[in-house]
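Please view the sequence and the structure together before reading on.

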Amino acid sequence: MKHQDDLEGIQLTVDAAAKALSEAKRVTVLTGAGVSKESGIPTFRDAQTGIWAEFNPEELATPEGFLANPPLVWKWYDFRRKLLGDAKPNPGHYALVELEKYVPKVTIVTQNIDGLHQKAGSSDVVELHGSITRFHCFDNQHEAKDVPYELEEPPSCHCGSMIRPAVVWFGEALPSKAFTRGVTECEFSQVILVVGTSALVQPAASLPMAGYNRGAKIIDVNPETNPVTQISFLSLMGPSGEMLPKVVAVLAKRKGQS
Ligand code: BJW
């Protein structure tokens with residue numbers, strides 16, 4: 001009976017989420033590592049399986065760590081790139097692509113560097129923390145193209161500076177265009193879906209609040225509670241690869257009936 005009640009509770013929340021989305025003209029989806037977990041990519045902060053459970057962020061994800069040991073950081077990103085190489089978008093990514101059929105404007109604002117939203121086919125993706133497959137030099141941000149993988153140490157730019165992955169490390173500013181775009185989209189959206197993020201890393205974690213302060217309804221999609229849950233209109237408590245397709249299925253049904 002309890003199980004039946006839980007299932008009915010989830011369905012009511014899914015229906016309410018679909019209704020809010022169907023009434024929205026503009027939706028922003030803020031995503032984090034959790035949306036890619038069902039593609040086999042580890043999150044950062046899961047106690048047992050997260051990247052930071054095994055590796056030290058200060059050594060590997062700060063400019064100081066890179067300067068202290070460039071080959072270590074270079075090889076670690078090579079290892080992560082291989083991990084991502086064969087990863088495919090999962091039903092959560094695809095459901096966000098489908099959402100574009102039911103909402104006039106959908107923008108994905110992602111903290112992920114894995115490119116899976118683009119691979120799935122989302123048409124408007126803003127990358128807050130860069131991309132693991134792009135590169136620039138450390139000192140002058142000169143873009144570097146055709147960088148060979150599997151080198152023992154970072155190659156050099158024409159200016160002499162070391163090439164590094166174009167991701168945002170702790171203590172570094174986010175790309176200003178991407179961050180400004182993220183804020184604007186949240187401020188002008190009627191609904192913000194917050195999917196698979198612990199909402200602990202700033203300034204990305206402040207984006208849902210920017211929308212909430214302007215009246216956006218926040219829908220949190222995560223098996224765990226997080227700081228965003230407190231300001232959420234609805235919480236879909238489960239894996240995004242299961243929850244998002246359920247929501248889109250209801251949207252499809254509603255459209256079929258109208
Ligand atoms: C599922 C699921 C399923 C599981 N379905 N969900 C003290 C207070 C406030 C701020 C700071 C502070 N001390 C330092 C700071 C600043 C710092 C910060 O916020 N630190 C906090 C940790 C405290 N921020 C910065 O340094 C940022 N820059 C900055 O502030 O610059 C200031 C500046 C201005 C001007 C000039 C110069 C400087 C930069 C942050 C960069 C973050 N970079 C990383 C690494 C990227 C490269 C790489 O991958 O190697 O970005 S860290 C890592 O965390 C990565 C992620 O994008 C980011 C966020 O993590 P995310 O996505 O939320 O993942 P998890 O693992 O935390 O959560 C996963 C979630 O999924 C969980 O909730 C699960 O429950 C859920 N989940 N399975 C759905 N199936």
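## Basis of the model

This is a predicted model, in which local features need pLDDT of at least 70, side-chain atom pairs count only at pLDDT 80 or more, and totals for chains, interfaces and linings use all residues. Residues are numbered from 1 along each chain as its sequence is written, and side-chain values use heavy atoms, with hydrogens and water left out.

## Domains

The bounds of the two domains come from an automatic or database domain assignment. The C-alpha centres of domain 1 and domain 2 are 28 Å apart. Contact (heavy atoms within 4.5 Å) joins 13 residues of domain 1 to 14 residues of domain 2.

## Ligand surroundings

Around the ligand are 33 residues, each with a heavy atom within 4 Å of it. Tyr77, Arg80, Gly171, Thr197 and Ser198 come nearest. The shell comprises 14 nonpolar, twelve polar and seven charged residues; Ala, Val, Leu, Ile, Met, Phe, Trp, Tyr, Cys and Pro count as nonpolar, Asp, Glu, Lys and Arg as charged, and the others, Gly among them, as polar.

## Atom distances

Oxygen atoms of the ligand lie 2.7 Å from a polar backbone atom of Gly171, 2.7 Å from a polar side-chain atom of Thr197 and 2.6 Å from one of Ser198.

Definitions and conventions. A polar contact is a pair of N or O atoms within 3.5 Å; within protein, one must be able to donate a hydrogen and the other to accept it, and residues adjacent in sequence count only if both atoms are side-chain atoms.
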